[in-house]
Amino acid sequence: MTAVLDSGGGAPMERVALVDLLDRLLAGGVVITGDLVISIAEIDLVHVSLRALVTAVRDEMPYLEDV
């Protein structure tokens, strides 16, 4: 599966595989937010605010040696 990536500024669009696009997003991190409100007769009963940070963890990070 491929997606079209628009880099803006009049540059030509390039085709990118979906897995490459996902890799680019996770390399920089993605923040997902949302709000859920349950109400009856315009009275808010429950308000839930959700925030999640999704990012990749690299194996290239050096491990701390025992001191």
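Here is a short tour, from the whole chain down to single residues.

Before you click, know that this is a predicted model: local features need pLDDT of at least 70, side-chain atom pairs count only at pLDDT 80 or more, and totals for chains, interfaces and linings use all residues. Residues are numbered from 1 along each chain as its sequence is written, and side-chain values use heavy atoms, with hydrogens and water left out.

Start by colouring by secondary structure. You'll find 1 helix and 4 strands, with helices (H or I, at least four residues) and strands (E, at least two) taken as DSSP runs numbered from the N terminus. Along the sequence the pattern reads β-β-α-β-β.

Next, select residues 30–40, which are strand 3, together with strand 4: they pair in the antiparallel sense over 11 bridges (two strands pair if DSSP finds at least two bridges between them). Click Ser39 and look across to its bridge partner in strand 4, Asp44. Then stop at the hairpin, where 2 residues sit between the strands and Ala41 takes a positive phi near 55°.

Now select residues 43–54. Is strand 4 tucked away or in the open? Of its 12 residues, the number buried is 0, so strand 4 lies largely in the open. Here buried means under 20% relative accessible area, exposed over 50%, and partly exposed in between (1.4 Å probe, protein chains only).

Finish on Ile43, found in strand 4: its relative accessibility is 52%, so Ile43 counts as exposed. Zoom out to the chain, and 1% of the 67 residues count as buried.
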